[in-house]
Amino acid sequence: PICSVAAPEAPRFVWELPDGGIRERLEPVLEMRALLPLATVTSRIQALNVLNSDGKTVARLFLDEGLSLCRESDESDGSPEPLGDLLRVQPVKGYDHELADVLEVVKKQLRLRPADDLFKSAMDKLGLTPGNYSSKVNVSLRSGTRADDATRMVLEDIFATLRANEDGTRRDIDSEFLHDFRVSVRRTRSALNQMKRVFPADSVAHFRSEFRWLQQLTGPARDLDVYLLGFSGYQAQLPDSAPDNLESLRRFLEAKKRQAHAELVEGLDSERYAQLLSDWESFLSKPPDPKDENDAPDAVLPVEEAAGKRIWNMYRRVTEAGAAITDDSPAEHLHELRKDCKELRYLLEFFQSLFPTERVSPVLKSLKKLQDNLGEFQDCEVQSENLRGFGREMMEQAQASADTLMSMGILVDNIAEAQAKARAEFYERFSNFACEDNRKLFRDQFKRLKGVAAS
Amino acid sequence: MKVLATYNIKGGVGKTATVVNLSYVCAMEGARTLVWDLDPQGAATFYFRVRPKVKGGGKALLREKRDLDSQVKGTDFDNLDLLPADFSYRNMDLVLDNQKKPTRRLERVLDQVRNDYDYVFLDCPPGITLASENVFHASDALLVPLIPTTLSARTLEQLGDFIEDRKDGDKRLRKLRLLPFFSMVDVRKRMHMEMLESLPNTSAGFLHTHIKALTDVERMGVHRQPVPAFAPSSPATTAYEELWQEVRTAVG
C-alpha cells in the first residue's frame with residue numbers, strides 16, 4: 001500500500017482520522033462528505049507463503065473461498081450474494097523473478113483466469129461506478145427538439161438528483177445531501193420560471209408555488225449547516241486565548257440545527273410533499289399535448305431558439321442591472337443582481353449541450369467569478385444580521401456570557417470588513433463579465449437564433 | 001523521515017540485534033520502516049533471510065548510479081523493508097573518498113526515499129571511518145549499545161569527543177542525539193550492576209531501558225527472525241518494546 005492507517009472503527013468523516021498520509025490524501029477528495037458503508041464482503045481466507053530455499057517469503061497467496069457480499073441498505077433482506085472464489089497473489093518487494101514464476105504456475109498449471117479486483121467486483125454487484133455521482137445537470141439535447149420536450153428532459157434530470165439526495169437529507173448523513181437537494185429545488189424553480197412560455201401557465205402554476213414552499217422548508221437547516229461548516233473559520237478569527245468563547249454559540253447553533261432538521265423531516269413526511277412528488281412525476285412523464293400549443297407560445301419552438309432567447313434576455317438584464325450599481329446602491333440591488341446571475345448561470349448549464357463548449361465555458365467562468373463576489377457580499381449581509389439575532393436570542397435564553405458576545409462582536413466586525421472588500425471588488429468582476437468580447441459572444445451565439453426565427 | 005543509526009566503536013555489543021528488533025517493533029506500530037544493513041558482514045540481512053547482494057555494490061548506490069528503491073527487499077513483515085548488505089561495503093571508505101563532499105554522500109542518497117519511510121535504521125560496522133562520519137551526518141540519533149564495563153565507558157567518551165570536535169564545522173552534527181543504552185547486561189556480574197548505577201549520570205541522553213543477555217536474543221540466529229516474531233512473550237520482547245518507546249520519544 002502507498003500508505004495505511006490503523007482505525008478502531010470505520011471513520012465517518014475525514015476529520016475523524018488520525019493525522020498522516022491517508023488523511024492528507026483523502027481530505028481534498030472527501031471534504032465535508034461522509035463515508036457510508038455500502039456492503040460487507042466476507043470470505044474464508046487461506047493464506048499461503050511462497051518460500052525460497054532460505055525460508056524467506058518471496059510471494060504471498062490468499063485463497064478467498066466462498067466470497068459473498070451483504071448489502072448494507074435498508075431495502076436489502078441481508079442475504080449474502082455469492083461473488084465466487086478468488087486467488088490473490090501478493091508480491092513481495094524486490095522479488096520480481098519469483099513473482100513471475102508464481103504467476104506462471106497459477107496460469108499454466110492451475111489454469112486460472114485473471115479476475116477483477118475484489119473492490120471492483122463488489123461495486124459491480126452493487127451496480128455502482130465509483131465517482132459517477134454528480135449534482136451537475138447533464139442532459140444531451142439535440143437541436144431542433146421541441147422546447148417543451150427538451151425542458152422536460154432537463155427537469156427530469158434535476159428531479160433524479162433531487163430524489164437521489166432525499167434519503168440522505170432526511171437522515172442528515174452529511175451537509176451535502178441537503179445542499180444538493182436544495183440546489184435541485186432551486187434549479188427546478190429557475191427552469192419553470194425561465195421557460196414558462198413552453199408550458200401552459202395553468203399547468204405549472206401549482207408546481208411553482210409548491211417548489212417555492214419546498215425551498216422555504218429547506219432553508220433554515222441549510223443556513224445553520226453553513227454556520228456549522230464555517231465554524232472553525234470563525235474560531236480562527238479570534239485571538240489565541242478566545243476560541244473557546246464561541247463554544248456556547250456552537251451549542252446554540254447545533255440545537256437550532258436539530259430543531260430545523262426535525263421541522264424539515266416533518267415537511268418531507270407530509271402529505272403535501274408526497275403529493276408534490278407524484279404530481280411532478282406524472283407531469284414530467286406526460287406526452288406533449290397538441291392542445292398545449294395554443295396556451296404555450298414557445299412549446300413547439302426548437303429548443304435552441306427558445307433557450308437562446310431566454311439566455312440573451314437574462315444576459316441583457318444582468319448587464320443592465322450591473323451597470324446601474326454604484327457605491328450608493330442599496331444591498332437589495334446587489335441581491336437582486338445575484339439572483340439574476342444565478343438564473344443566467346442555470347440557463348447556460350441546462351442547455352450547455354446545444355452550444356459549442358469552447359464558447360460557453362469562458363463565459364461561464366467569468367460569470368462564476370462575478371457570482372462568487374455577489375455571493376460573498378450577500379453571505380456577509382445575512383451572516384452579520386443573523387449573528388446579531390443569535391446574540392439577542394442567546395441573551396434572552398441566558399446562554400451567552402459577556403466573553404461570548406464580545407467574541408461574536410469581533411466576528412460581526414470582520415464580516416463587515418469582508419463585505420466592504422467584496423463590494424469594492426464588484427466593479428472589476430462585473431466589468432470582466434460585461435466586457436465587449438463576452439457581449440459579442442452572447443449576441444452572436446444567442447441573439448442570432450432569435451433573428452433566424454423572426455425571418 | 002527520521003534516521004536512526006546503531007553504532008559503537010567496539011564490535012560485538014548487540015548492535016545488530018538492536019536494529020533488527022527495534023525496526024520490527026517500529027514497523028508493527030504501523031510506521032513505514034527501512035533497515036539499511038551497512039555492515040559488510042551482513043548479520044541483519046541474515047536475520048531477515050535476505051541474500052547479501054546489491055547490484056553494482058555499494059559504489060553504484062553511493063554514486064547514485066542505481067536507485068535505492070530498486071535494491072530494497074520486502075521482509076516477511078508488514079511495513080518493514082531491508083536494503084541488504086553487500087560484501088563490497090568493506091571498501092566503502094575508498095568509494096567515499098573519491099566523491100565530492102565525501103562525508104555527506106549517505107545523507108544525499110537517503111533523500112531519495114525521504115517520502116517513502118517514516119523511520120530508517122542504519123546498522124553500521126564498528127570503528128570510526130569515513131563511512132561512520134557519513135552515518136553521523138545523515139542521522140537524527142545514534143543508538144549506542146554498551147556492555148556495562150569500564151572499556152565501554154571509554155568508547156562512549158571517545159565517540160562523544162569525536163562528535164564534539166566536529167560540531168562547529170557541521171550544523172547537522174549539532175542536532176545529532178547521542179542515545180547510549182546498556183546491552184548484554186549480565187545481572188550476575190557485580191561490575192555490570194555497578195556500571196548500571198554510575199555511568200548513566202555521565203551522559204545526558206542515556207536511556208533507562210537496558211537489554212539483558214538473554215538466550216532469546218542469541219536464538220535469533222537459529223530462527224532467523226526478530227525476537228518479538230518468534231517469542232512474543234519473551235522478556236527480551238518487552239525490553240525492546242520499552243526501548244523503542246524511549247527512542248521514539250527522544251527523537252520526537
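Is A:Ser175 buried or exposed, and what is its relative accessible area?

**View 1. A:Ser175 in helix H5 of chain A.** In this predicted model, A:Ser175 is buried, with a relative accessible area of 9%, where buried means under 20% relative accessible area, exposed over 50%, and partly exposed in between (1.4 Å probe, protein chains only). The residue belongs to helix H5, which covers residues 175–194; helices (H or I, at least four residues) and strands (E, at least two) are DSSP runs, numbered from the N terminus. Leaving aside residues up to four places away in sequence, A:Ser175 touches A:Met32, A:Arg222, A:Asp225 and A:Leu229, a contact being heavy atoms within 4.5 Å. The side chain of A:Ser175 also makes a polar contact, at 2.6 Å, with the side chain of A:Glu176. A polar contact is a pair of N or O atoms within 3.5 Å; within protein, one must be able to donate a hydrogen and the other to accept it, and residues adjacent in sequence count only if both atoms are side-chain atoms.

**View 2. The contact between chain A and chain B.** Chain A contributes 13 residues to this contact and chain B contributes 16 residues. Together the two chains bury about 1100 Å², 33% of it on carbon and sulfur atoms, buried area being the accessible area (1.4 Å probe) that two parts lose on being put together, summed over both. Of the area that chain A buries against chain B, 51% is supplied by A:Asp54, A:Lys56 and A:Lys93, more than by any other three residues. There are 3 salt bridges between the chains, each a side-chain nitrogen of Lys or Arg within 4 Å of a carboxyl oxygen of Asp or Glu. One salt bridge joins B:Arg51 to A:Asp54, with the closest N and O atoms 2.7 Å apart.

**View 3. A:Ser270 in a loop of chain A.** The loop that holds A:Ser270 runs between helix H8 (247–268) and helix H9 (271–285). From this position, the side chain of A:Ser270 reaches the backbone oxygen of A:Gly267 at 2.6 Å. A:Leu405 lies 135 residues away along the chain, and the C-alpha atoms of A:Ser270 and A:Leu405 are separated by 38 Å.

**Notes to all views.** Residues are numbered from 1 along each chain as its sequence is written, while chains are lettered from A and ligands numbered from 1 in the order in which they are written. Because the model is predicted, local features need pLDDT of at least 70, side-chain atom pairs count only at pLDDT 80 or more, and totals for chains, interfaces and linings use all residues, while side-chain values use heavy atoms, with hydrogens and water left out.
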